[in-house]
Amino acid sequence: MSAADILLTLAIVAVLCVITIAANYADRNHSRSARQSVFVALLLINALIVMVYGVLQVTAAYSSAEDAPEKSDAWIALGVSVAMAAISSVLMLQPVRNWLARLFPRRTEPPSSAISGTPAALQAPDAGASGTPLFPQMLNYYTAETREQTARTQAWALPGLAPAPAARDGFDPASMVHVVALVFVIYVLGNTVVNFVLGGGLSGVAEEYSTSGLSATDLLLNMLPFLILSVAGVGLGIRRTWRQVIDRLGLRLPTIEALGIGVGAAIGLIIFAALMGTLWQSLVSPETFEEQTKASDALSNSITTLGMAFLVAATAAVGEEIAFRGAMQPIFGFWPTAIIFALTHVQYTLTPAALIILGVAVVFGWLRAHYNTTTAMLAHFLYNFIPLALLVLMPDAALLLHLHP
């Protein structure tokens with residue numbers, strides 16, 4: 001990755017982070033001006049997306065430049081960019097989000113607009129809807145665990161930042177943070193499709209891995225947006241303290257039981273992937289199988305040391321689990337998060353391997369729901385590292401078992 005690419009990546013992350021912080025500020029203070037600023041910024045980004053990913057690509061395709069995209073690919077990119085901008089713009093409409101909320105888990109607290117001037121995160125529970133007493137402390141409703149969490153929250157409170165209650169799951173269509181999260185998901189999916197098309201499809205992805213390989217800088221820069229936007233998204237310094245952010249993202253030390261479950265899940269997933277790979281190869285021709293796996297094969301071949309295998313597995317596990325299972329799953333729910341996760345893995349796009357990734361995402365989501373994000377992170381790391389380590393140490397055995405990262 002060139003210095004220009006690094007600077008561009010950092011600039012994009014900085015802009016998205018500022019938008020995320022503004023959305024948190026709007027939710028906390030019910031600031032109309034902050035909401036309007038976020039909407040304007042997103043609309044400007046949408047226009048920029050159409051220009052860069054669409055109009056400029058079509059213009060370049062009809063030029064004499066050596067690296068110009070194919071005309072058909074450029075027109076597809078224009079269509080995808082227009083669709084991306086249109087969908088993300090429509091999501092800014094409140095009635096659309098109200099309808100879309102039926103697809104996601106219902107919020108366990110009143111919408112952020114239900115009590116004027118009070119952010120949703122700071123509102124009292126709705127006694128009629130949830131059965132929680134209006135004054136639970138008078139009825140000894142709080143458990144010891146709740147009291148302990150409240151004490152921790154107050155102890156870590158920042159000056160001027162009101163202590164937040166335990167994290168509430170579910171999608172709030174009135175929350176600016178959730179609006180921004182939805183729009184960013186569209187950006188990620190659209191960017192994945194556009195880059196896949198303009199990059200030459202599976203062959204182009206394979207060629208990129210073969211010629212450029214992977215570097216530590218690439219891996220760290222790929223992880224950076226997941227970490228920064230996740231931490232900013234859950235409201236560090238605006239709605240939550242560091243301790244509250246850690247709790248919200250599900251980053252807790254795993255118990256002995258969770259460690260065992262995480263290791264067992266990783267081994268089970270590796271066996272599942274090997275069996276599915278064997279079945280997949282038996283159902284398609286050798287030429288088709290080679291074409292569909294060339295991207296993952298090229299990625300595997302670019303990893304030649306245990307150190308690089310460790311770094312690939314660690315950056316993917318930490319970044320993706322914090323973003324998808326830690327930040328997104330409590331908002332969007334189990335299945336939507338798993339599907340989004342599968343769609344973002346471009347090297348498996350339009351191949352049966354996407355079903356393997358969906359199965360993997362389901363297991364990671366189950367670990368997050370029943371244990372914590374750290375357990376899912378452990379399983380994700382081992383699921384990536386063990387096949388990569390085998391490819392480095394015993395490549396023939398790994399290929400025989402159809403193990404791919």
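This is a predicted model: local features need pLDDT of at least 70, side-chain atom pairs count only at pLDDT 80 or more; totals for chains, interfaces and linings use all residues.
Q: What phi does His30 have?

A: Most residues other than glycine have a negative phi. His30 is not a glycine, yet its phi is positive, about 50°. His30 is partly exposed, with a relative accessible area of 30% (buried means under 20%, exposed over 50%, partly exposed in between, with a 1.4 Å probe and protein chains only).

Q: How is the packing of helix H1 and helix H2 described?

A: Two packed helices are described by the angle between their axes and the distance between the axes. Axes are lines fitted to C-alpha atoms, for helices over the stretch in contact, and angles run from 0 to 180 degrees between N-to-C directions. Helix H1 (residues 3-29) and helix H2 (residues 32-61) pack at an angle of about 150°, with their axes 8 Å apart. H1 and H2 are therefore roughly antiparallel to each other (over 145 degrees; under 35 is roughly parallel, 65 to 115 roughly perpendicular and the rest oblique).

Q: Which residues make the contact of H1 with H2?

A: Contact means heavy atoms within 4.5 Å. H1 contributes Val15, Leu16, Ile19, Ala22, Ala23, Tyr25 and Ala26, and H2 contributes Ala34, Arg35, Val38, Ala41, Leu42 and Ile45.

Q: Is Glu321 buried or exposed?

A: Glu321, found in helix H13 (residues 306-332), is buried, with a relative accessible area of 0%. Leaving aside neighbours within four places in sequence, Glu321 is in contact with Ala316, Gly326, Phe364, Thr373, Ala376, Met377 and His380.

Q: Against which helices do the buried residues of H11 pack?

A: They pack against helix H12 (286-301), helix H15 (353-370) and helix H16 (373-393). Among these buried residues of H11 are Gly262, Leu269, Ile270 and Trp280.

Q: How many helices and strands does the protein chain have?

A: The protein chain has 17 helices and 0 strands. Of its 405 residues, 44% count as buried.

Terms used. Residues are numbered from 1 along each chain as its sequence is written. Side-chain values use heavy atoms; hydrogens and water are left out. Helices (H or I, at least four residues) and strands (E, at least two) are DSSP runs, numbered from the N terminus.
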